[in-house]
Structure formats: structure tokens, C-alpha cells
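I opened a new page in the notebook for one protein chain. I want to go from the whole fold down to single residues.

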Amino acid sequence: MIATLRRRLADPALSAQLWALAAGAPAAAPVSLCIELGRRDTDWLAALPASAPFWYQARPAQAAYRLGIGHALQVGSAGPSRFAALDNTFAGLREAWRHDRPALAFCGFAFDERSQAPLPNALLAVPAILLEARDGRCQATLSTTAGRIAQAATGWLKLLADPVRAAAYRLLPAHDPTLVDRAWIARVRAALRDIGHGQVDKVVLARSRHFAADAPIPPGPLLGALIEQQPAATIYAFGEGPQTFLGATPERLVSLAGRRLSADALAGTAWPGSLALDAAKNRHEQALVTRAVVASLAYHCAHPPQPGPVEIHAAGHIRHLRSRITGVTAPGISLFDLVRALHPTPAVGGFPGAAAASWLARHGEVRGGWYSGGFGALDTNGDGAFDVALRSALITGKRIELHAGAGIVAGSDPELELAETEAKIGALLNALAAHAANARSACG
């Protein structure tokens, strides 16, 4: 597929098509051209770039894979108005955008609107090259600005010429986590005390584990292991410079198609050896999330949104309770309006939202990368979807930080909550171990 794309990029007719699309457009206007690449089953992981920024999104159960390489355009934002700023920017881009088929932008954001490192707080980007495969049908969307069409093909070829090279590495022994675990359990007890005093109903506490390797950790094989182990999840990644943020999430924040929206209310967790999924604690937690999501969406809907039945959703060896909430938006409501209304949901922040946010700020909650923020894509029609960035990892060279969290409600057991985060981190750790073993085998 990549060889086919390179040949197409060398065809002088490509520039003529781009110039025709861009006729009369201002120099800053985005221009996108779609090229059919044929039929083949591919996840695009072999094309991950070594140095250019990239975005990756896979839904293995739907045989759908996307890889964005490089940036034709990008805009960042932070602070309480970050979603409104991105919304306005994207609306302007859509108005000026020249394309032969609907084109795409990726977006990711941190949990905390004030976070600034190591990734941008909120980032919207039009990839220079978008590779897509769905049910074996492959295509590439090439994007540039009208003022850079003359240089575009050379730039695209350079982006394709620098794939990541998988290399052998070995995970080094980890530090004893006992003291860190005790500190986290103490935070759970503090949350339970304040829940008991009526200050808040639910608080979600994040936890991380750190590992190091004897060589840089390439993201491709780890993403491949997640695809194999969690085919029902959304596998996602964003790489820029020395960092790659990636994960496998079971939770859709919200999707929009025309005026039809869909959102997940997902809470309650069970794994081998845990409380039953229908235990009172799990049912209470899931009910809190469902009511809050419905209430958050109601203002933006033409009619009250409707929660579907509670179902069991499997994510590897972990299971959750989930309700799918659907509705029809009021006229003029954008996907960013819905994201702004929902984030953070009680599944990642707590309930009530303001009280939970205040509690987390007072107790020094820190979340790495975009963990428990969002990761999504939007097209030039304004349709798209965001997933909650859960079960994530942040790779920085030879180091990797794994993230997970647990919802604390009345009746939570601190030791069981720690075990829940271990089960969630364990899914990533299993993929990382398989990744390391495969890398050693391939190179040795």
C-alpha cells in the first residue's frame, strides 16, 4: 500500500488535481485529496513515523484502522475556554476547506484544563497524510494548504521515508511499589471520609506505575499487542517528539452523526477474583454516571436523551457495566459543544462534578499525558467521535508510565480499589511484556 502511494505521489497529475481543488482559495486554506489504494488487510503500524508527529486509531472489531502522519495544520489550546476555541477554529477550517471527499482532523486533550506538559493541553491537527483501512478497503487522504501545494508532494514523500525501526529491548526490574501503594490507599481513605461527611458522592483517583527498559521502546509492537489482546476496545496513540501516548479504551465519550448523538455511561468494574459485577457498589456507581451523562446532554438535545439498558461490556479480562445513551441534538449543536458539556464525566472525575474537581485539586491529583482526557476525530461535515483516553501509557524514550484509575464511592474497599487499578494496569503490562518478548525474538 505504501509503495502504491509513493508511486501516486510521483505522478505530475497529482499536483494538477490539487491546484484545481484550490482554485480561488486563500493561501492558508486546507486542501485535501483522497486516493484509493486498493484492497488489503492492514493496520498501518509498519508505517508509523520515527520523528514526525502521528495519530493512530484502531477499532479492530470493526476492521477499521487510521494513521495520520505529519501535520498540514495544527492548533493548540488550554484553559477553561479550550473546547470553545477549538470549536471556533474547526468551524473556520471547515468553511475554507477544499476537498474532494470528507476529510479529517484528529484531536486530543488532557483531563485538566491547566495541564501543559509533556503533551499539549488540547490539540487539533489535520494530518498531512491520512491512511485509512476499513473492511480491507484502503485509501489515503493527502492534505496541505493552498499556499504550499508546490512543495506538498516532496514533503509527503519525506514523511513516508522515515518509519520507526523496531528494536530489541528488555524491561528492567521495577522499583518496589509498596510505599507508593500505601500513599494511594491513604488517598482512598481520605476520599471515603469526605464521602461519608457528604462533601462528595464519588471521586475517581488515578494511579500510575513506572518502568524502564534497556533501549528505546517503539510504540508499534505495543499497539499491535493491544489490538490482539483487546479487539473490542478502541486502540489509540499520539506521538510527538520523544513522547508517545497510547492506550486501549472501552469507553466512548460521545459521537455525533448529523444531529444524532451517542454516549457511554460506563462504570462498575469486575475482574477475576473481584466483587461480582452486579454488586451494590458497582450498580450504584454505574447509576450515578448514567444520571449525570443524561443530565449533561439534556440542555443540548431537542428531546430528553434516552439511556439504553444496562449491559455487560468486556475489555479483555475486565468487565464493566455500560448503558448507551442516545439522543437528537438541538439545531446548531457541535461535537465540541457535547464534549464541553460532558467532560469530565463522573466515570473519570467524580460526582457532583464541581465538588469532585475541587477535591481532586486540593489533594494534588496528577494525571500523565492525556490520561482520562479525550482522543477523537472529526470530519469536514462536523461529524465524529471522541473516546475517553483510558488504560493508557506514556512512552518517553526508554521509560514508560502506565495509567489507570478507580471510582471511589460509599462502600468502596481501599484494598479492592488498589486491586482494580492493578487489574487495569495489568492489561497494559501484559501487552508491554508481549511486546518486549516479540521484539527480542524478532531481533535475536
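These entries record what I looked up, in the order I did it.

**Entry 1. The whole chain**

I noted at the start that this is a predicted model. I then looked up the secondary structure and found ten helices and 20 strands in the protein chain. The radius of gyration is 22 Å, close to the 22 Å that the globule rule gives for 444 residues, so the chain is as compact as a globular protein of that length. I also looked up the extent of the C-alpha trace, which spans about 70 × 60 × 35 Å along its principal axes.

Next I asked what share of the 444 residues is buried. Buried residues make up 57% of them. For contacts between residues at least 6 apart in sequence, I found that 76% join residues at least 24 apart.

**Entry 2. Surface and charge**

I looked up the accessible surface of the protein chain and got about 17900 Å². Carbon and sulfur atoms account for 54% of that surface. I then looked up the charges, 42 positive and 35 negative. Their mean positions are 2 Å apart.

**Entry 3. Helix H5**

Helix H5 covers residues 178–196, which is 19 residues. From its first C-alpha to its last it reaches 27 Å, close to the 27 Å expected at 1.5 Å a residue.

Which residues of H5 are buried? I listed Asp181, Trp184, Ile185, Arg187, Val188, Ala190, Ala191, Asp194 and Ile195. I wrote a reminder beside the list: an α-helix has 3.6 residues a turn, so residues three or four places apart point the same way. The list of buried residues in H5 includes the charged residues Asp181, Arg187 and Asp194. Just after H5, Gly198 takes a positive phi of about 80°.

I picked Gln286, which lies in helix H7 (residues 280–298). Is Gln286 buried or exposed? Its relative accessible area is 4%, and the cut-off for buried is under 20%, so Gln286 is buried. Leaving aside neighbours within four places in sequence, I found Gln286 in contact with Ala265, Ala267, Val310, Leu321, Arg322 and Ser323.

I then turned to Gly24, in the loop between helix H2 (12–21) and strand E1 (30–39). Gly24 has 76% relative accessibility, and the cut-off for exposed is over 50%, so Gly24 counts as exposed. I also looked up the pair Gly24 and Ala146, which are 122 residues apart along the chain. Their C-alpha atoms are separated by 9.2 Å.

**Entry 4. The loop between E5 and E6**

Pro118 is in the loop between strand E5 (104–109) and strand E6 (122–134). The peptide bond from Ala117 to Pro118 is cis, with omega near 0°.

Pro120 lies in the loop between E5 and E6 as well. At 26% relative accessibility, Pro120 counts as partly exposed. Which residues does Pro120 touch, not counting those up to four places away in sequence? I found Glu240 and Trp370.

I looked up the bond from Phe351 to Pro352 and found it cis, with omega near -10°. Pro352 is in the loop between strand E16 (350–351) and helix H9 (353–362).

Ser372 has a phi near 65°, a positive value in a residue other than glycine. It is placed in the loop between H9 and strand E17 (374–379). With a relative accessible area of 0%, Ser372 is buried.

Arg391 has a phi near 45°, again positive in a residue other than glycine. I located Arg391 in the loop between strand E18 (384–388) and strand E19 (392–396). Arg391 counts as buried, at 6% relative accessibility.

**Entry 5. Leu402**

At 1% relative accessibility, Leu402 counts as buried. What is Leu402 in contact with, leaving aside its neighbours within four places in sequence? I listed Arg207, Ser208, Arg209, Phe211, Ser392, Ala393, Ile425, Leu428 and Leu429. I also looked up Leu402 and Arg170, which are 232 residues apart in sequence. Their C-alpha atoms are 17 Å apart in space.

Methods: Residues are numbered from 1 along each chain as its sequence is written. This is a predicted model: local features need pLDDT of at least 70, side-chain atom pairs count only at pLDDT 80 or more; totals for chains, interfaces and linings use all residues. Side-chain values use heavy atoms; hydrogens and water are left out. Helices (H or I, at least four residues) and strands (E, at least two) are DSSP runs, numbered from the N terminus. The radius of gyration is taken over C-alpha atoms; the globule rule is 2.2 Å times the number of residues to the power 0.38. Buried means under 20% relative accessible area, exposed over 50%, partly exposed in between (1.4 Å probe, protein chains only). Contact means heavy atoms within 4.5 Å. Accessible areas come from the Shrake-Rupley method with a 1.4 Å probe; for residues, only the protein chains shown count as cover. The place of a charge is taken as NZ of Lys, CZ of Arg, CG of Asp or CD of Glu. The expected span of a helix is 1.5 Å times one less than its number of residues.
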